[in-house]
Amino acid sequence: MSRQDHIREFAAQALADGRVDYFIGWKQGYNSSEVVPAFVKDPADVDQLIWTPLCHHNLVTFIKRNMPDPADAKIGLCVKGCDSRTLVALLQEELVDKEKLYVVGVPCDGIVDRRKLEKEFADELVDIAFPERGRVVVTTGKGETREFAQDDVLLDVCGRCRYPNALYADDVAGPLEAEPDREESGPDWSDIADFENLSDDEKQAALERVYATCIRCFACVHVCPVCVCWDKCVNRSREPELVAQKVGAKENLLFQMIHMFHVAGRCTSCGACDRACPVEIPLYLLHRKMNKEIYDMFGFEPGTKLDEKPVFQLFDLATDHFGD
Amino acid sequence: MAIRFLKQDQLPAFLGQLAEKARVVAPVKTDGVVQFQPWVSGQDVELDVLLAKQSPKEYVFLQTETYLKFGYEMVKPEAAGGDTAAEEADPVSVDDAAVEVAIPYETVTVEPQNEAPAQVIFGLRPCDARGFVQMDQVFGGYGGFYYDPLYNARREATTLLAVTCREPRSTCFCTAIGGGPAGEEGVDALFTQVDGGFVVEALTEKGEAALAAAGAALTDATDAQIAAAGEVKTAAGAKIDVPFALEGIRDNLHDNIADDRWHDQAMRCISCGTCTYVCPSCYCFSINDELVESTGERYRVWDNCFNPLYTEETSGHNPRAQKSNRFRNRFSHKFWYYPDKYDSLLCSGCGRCIMNCPTRIDIREIVRVMGAPAPAVAAGAASEAPAATGDAPAVAEGKEA
């Protein structure tokens, strides 16, 4: 039984039992090269749910504040290993109610970066097929077909993955994927090595350059599963007006710095912001750098232990240290 | 006007000649991302990728446009007295004046901003050009009743040199809403790619003037080239699917305003503003006064109907408090409220909102579903509801106009 079949079966059962009002998974988008979040209410509709290496959306986004509709809905959802960390982070902070959730963990062997594939062709992609594990066959609008090895076109975050299996789930869609030895190897920070080697001035220039292209659509904020202020976001506040609404490299950078500080110790590096950004800004730079600082200082990896408090909730003024 | 031909290798020379008289804006690829940028000599114009991430509306309807700069200064007048002649003539009134003047006062300076450099946008698509025509109605709407001087100054100084879409994408649906891959609405001159170069047709006086300014790079097109261009246009049009019929959509959206299916459709929306900021015709904005110490500016900046603050009223009440309310607005605005006002659509079918949406929400599907009559079960509830929602279009349009 495939993982996809497991997902459909769990979803149908949970809907039929009335355990959930709706179930969130993934389905095909406007063509077979795209996958989009799916919201299923009727057990008869579970056949639209799919599982392929294109299922990149972190569905935890859709259970954060103001997303459930109706607000008190009981929700079922699929989580990959990385997604489960954001769920654990929200549970640690008591921002979601475990009792209203039904979680299906989906063991994952790596998500394909559609943008990497897009860049290989001038034409649009109309189909991405996975004839067997590890093979990716891409077809364009003009009918050009090319094959890639899955490992060559993975999302960058997947290349560093240490949690292929969900850390929190009620049910699991099939056998677990092999886990790396996390004791042996700590987090891999190689993605920000180049950035870290820059001087302060060079860092400033590099950041201003990438954020100059920001169009302030706030997709990065809205898609971020641990960004929970919703309609009270400081970046949109006019009263007080703390961040200029005008668009420019420095203003954009300031707003991203605020985002970074606000998710410090909470960001699980799921990469949803990178993938949502319509102008492809490498948003990971700031968040990953902050994650590394927190890991180095406190040994804290957000969203990995359900019984742990987030690092900045442990801060104690009286003792001036973090708990221990 | 004669039909001309531009050889492929003459394109840089052509743009170079235009650049002597005006700013040239063209799609350019930077770090793998195609965007309209001020073109500089030596840059490759990217035409193989059909659509730049954003339409070029940014060059006429600036994302951040400063209306005016202002400042104030405290003035401490010198001690009263001095004008003895006046004092002798009328001692009482001079004394009074002296008391008033001795109080420190503020001087306020206001400096209006209105720059509209001549510019040529090359390489936009007919759907992009049509977006400008749709915005024109708003910023110069009702025969100029809502005339916006900043937008119109830029618009008048802008020439649109569009390129026919030889290879439309699967997300294109311009033909469904009255346009086409070689559409001429808003286009000053149309460039159609054929073997060896472009067949160039001036469609307006502005377009003719631009071609005349860069005439050295152009030759007369041969009959064979003109025929080839005709074939490209026809073939491109045939490649575009028509996902819905326009008839009835306006009325059905009206009738469906309280339909529960809006909630289902909005489920995967994350309520960001990407679709509106890549759109050639979304024109909503907000106005900000920003003061730092004693100087500041008033600017308008793009805003969008997915932003909760966009409809929040001074009282704190938000008529579109839920994500699904805001979601409904975008499609209703494009296919119902705007058509009610201007008798045309606020969409040109470019499909950018589909391909750039973080969750690939498909406007074609929304219009197909919500622009169709409600299923029989829901019909009774829907027909009574609009007046009771507190979110009737009159409220929404007040903000948009």
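Let's start with chain B, where buried residues make up 53% of the 401 residues; buried here means under 20% relative accessible area, exposed means over 50%, and partly exposed is in between, with a 1.4 Å probe and protein chains only. This is a predicted model, in which local features need pLDDT of at least 70 and side-chain atom pairs count only at pLDDT 80 or more, while totals for chains, interfaces and linings use all residues. Residues are numbered from 1 along each chain as its sequence is written, chains are lettered from A and ligands numbered from 1 in the order in which they are written, and side-chain values use heavy atoms, with hydrogens and water left out.

Chain B has 17 helices and twelve strands; helices (H or I, at least four residues) and strands (E, at least two) are DSSP runs numbered from the N terminus. Among its contacts between residues at least 6 apart in sequence, 76% join residues at least 24 apart, where contact means heavy atoms within 4.5 Å. B:Gln134 counts as buried because its relative accessibility is 4%. Setting aside residues up to four places away in sequence, B:Gln134 touches B:Ser281, B:Tyr338, B:Leu345, B:Leu346, B:Cys347 and B:Ser348.

Now to the rings. Those of Phe, Tyr and Trp (its six-membered ring) pair if their centres lie within 6.5 Å, and planes under 30 degrees apart count as stacked, over 60 as edge-to-face and the rest as tilted. By this rule the count comes to 26 aromatic pairs over all chains. One of them joins A:Trp26 and A:Trp51, a tilted pair at 5.4 Å centre to centre with 55° between the planes. This pair links distant parts of the chain, as A:Trp26 is in strand β1 (residues 22-28) of chain A and A:Trp51 is in the loop between β2 (35-40) and β3 (75-79), 25 residues apart. Both A:Trp26 and A:Trp51 are buried. A:Phe121 and A:Phe148 make an edge-to-face pair because their planes stand at 80°, with ring centres 6.4 Å apart. Here too distant parts of the chain are linked: A:Phe121 is in the loop between α3 (114-118) and β5 (125-129) of chain A, and A:Phe148 is in strand β7 (residues 145-149), 27 residues apart. In chain B, one aromatic cluster is formed by B:Phe61, B:Phe139, B:Tyr151, B:Tyr277, B:Tyr283, B:Phe285 and B:Trp302.

Back in chain A, how do helices α6 (residues 200-211) and α8 (residues 249-262) pack? Their axes are 8 Å apart, at an angle of about 100°; axes are lines fitted to C-alpha atoms, for helices over the stretch in contact, and angles run from 0 to 180 degrees between N-to-C directions. That makes α6(A) roughly perpendicular to α8(A), since angles of 65 to 115 degrees count as roughly perpendicular, under 35 as roughly parallel, over 145 as roughly antiparallel and the rest as oblique. On the α6(A) side the contact is made by A:Gln204, A:Leu207, A:Glu208 and A:Tyr211, and on the α8(A) side by A:Ala249, A:Lys250, A:Asn252, A:Leu253 and A:Gln256.
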